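My entries follow in the order I made them.

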Amino acid sequence: MILRPLYRAFWPRSIGDAACFFLIAVGVPLTYIFQVTVVMPELHDVGSFWYTTIWLAGIFLVFNITSNLMACMLVDTSIKMHILKPPLEPHLLKRWHMCDICQALVPPRSWHCETCDVCVLKRNHHCRFTCCCIGHYNFRYFFYFLFYMGLGALYVVINASIYLWYLHADYYWRPYTLVTILVPAISLTVHASWENFYLVIYELNILAFAMSTLLLIFHRPIFQRGAVMKERSSNAYNLGLRGNIEMVLGKRMYWTWLSPFVRSELPHDGVNWLPLTKEE
């Protein structure tokens, strides 16, 4: 595994990348503080069994959201960080192609990213939230980032719904609440208050849950087929469900959910791919 230099990993390549990353970098810690200091003390006695259990679960979720995000950004899956030598075997060499922008011969399933300005091994797509391309070596971290982001956002929405609509129904069940939800920026400008700020955090978590869930649903058939976005309808590299999962999560896939620091070697180097069918 090769890591990017820090100045490259954490330097957004576009305004869109910067805005999306800023939203995650600010939203996740603010949400955690909101849960621990505002919501949880009203749902459970501080220091009780359930308070401690839920607090530890929150720590686990925040750790996996942030650490998988960082791992996704740091792990380099581009061709520039690998010594690529075209194979001598004709049946392998004919599958390589010339990238006109990189001016280099690149392996099959490697495509150029205009935002990153580099070819990426087994490139799936460019992710705005991680400010980098998702490819062969960092797809695992992208998957777990989405999974734990969706799980964490759902956890927050459920707890915050009880806090807002049940414990403080006398304040939030009113027409002005709808204005705050629909136009939060204007509402916070005209009437800045902690109550309105809590609504904004609540709304952001609804959006985070919806986006994470939709992205997981969108990538599910790709994941199951062992494909990438450009091969979405292809079964050319389909190794079966277990083989496809192992190709993303690695040989120790049953333990990778614990942390991105769990080492799980991938069964392929991401370079010389041979299709299993005649679709290509």
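How many aromatic pairs does the count come to? I get 21 aromatic pairs, where rings of Phe, Tyr and Trp (its six-membered ring) pair if their centres lie within 6.5 Å, and planes under 30 degrees apart count as stacked, over 60 as edge-to-face and the rest as tilted.

Before going on, I note that this is a predicted model, in which local features need pLDDT of at least 70, side-chain atom pairs count only at pLDDT 80 or more, and totals for chains, interfaces and linings use all residues. Residues are numbered from 1 along each chain as its sequence is written, and side-chain values use heavy atoms, with hydrogens and water left out.

**Entry: overall layout**

I listed the secondary structure of the chain and got 10 helices and 6 strands. Helices (H or I, at least four residues) and strands (E, at least two) are DSSP runs, numbered from the N terminus. Along the principal axes, the C-alpha atoms fill a box of roughly 75 × 40 × 35 Å. The chain has 280 residues, of which 44% count as buried. Buried means under 20% relative accessible area, exposed over 50%, and partly exposed in between (1.4 Å probe, protein chains only).

**Entry: aromatic rings**

I returned to the ring pairs, of which there are 21. Phe 34 and Tyr 163 make an edge-to-face pair, with 6.4 Å from centre to centre and 90° between the planes. This pair links distant parts of the chain, as Phe 34 is in helix α2 and Tyr 163 in helix α5, 129 residues apart. I found both Phe 34 and Tyr 163 buried.

Tyr 163 also pairs with Tyr 198; their ring centres are 6.3 Å apart and their planes at 75°, so I logged this pair as edge-to-face too. Tyr 163 in helix α5 and Tyr 198 in helix α9 are 35 residues apart, and the pair again links distant parts of the chain. Tyr 163 is buried at 6% relative accessibility, and Tyr 198 is buried at 14%.

I also noted a cluster joined by ring pairs: Phe 60, Phe 139, Phe 142, Phe 143, Tyr 144, Phe 147, Tyr 148, Phe 223 and Trp 257.

**Entry: salt bridges**

I counted 2 salt bridges, each a side-chain nitrogen of Lys or Arg within 4 Å of a carboxyl oxygen of Asp or Glu.

One joins Asp 17 to Arg 128, with the closest N and O atoms 3.0 Å apart. Asp 17 is in helix α2 (residues 15–43) and Arg 128 in the loop between β5 (125–127) and β6 (132–134), so distant parts of the chain, 111 residues apart, are linked. Are these two residues buried or partly exposed? Asp 17 is buried, with a relative accessible area of 0%, whereas Arg 128 is partly exposed at 36%.

The other is between the side chains of Glu 231 and Arg 109, at 2.6 Å from N to O. Glu 231 lies in the loop between α9 (194–225) and α10 (241–249), and Arg 109 in the loop between β2 (104–106) and β3 (111–113), so the pair ties together parts 122 residues apart in sequence. Glu 231 is buried at 5% relative accessible area, and Arg 109 is buried at 4%.

**Entry: cysteines**

How many disulfides does the structure hold? I found 0 disulfides, a disulfide being a pair of cysteine sulfur atoms within 2.5 Å. For Cys 72, the closest cysteine sulfur is that of Cys 132 at 4.5 Å, which is too far for a bond. Cys 131 is in no disulfide either, and the nearest cysteine sulfur, in Cys 132, is 7.3 Å away. I noted Cys 72 as buried at 0% relative accessibility and Cys 131 as buried at 2%.

**Entry: nonpolar surface patch**

Leu 154, Ile 158, Ile 162, Tyr 166, Leu 167 and Phe 209 make a nonpolar patch of about 540 Å². Patches are made of residues with over 30% relative accessible area and no salt bridge, with like charges joined within 9 Å and nonpolar side chains (Val, Leu, Ile, Met, Phe, Trp, Tyr) within 5 Å. Accessible areas come from the Shrake-Rupley method with a 1.4 Å probe; for residues, only the protein chains shown count as cover.

Which helix gives the most to the nonpolar patch? Helix α5 (residues 139–167) does, with 5 residues. Ile 158 lies in helix α5 and is partly exposed, with a relative accessible area of 47%.
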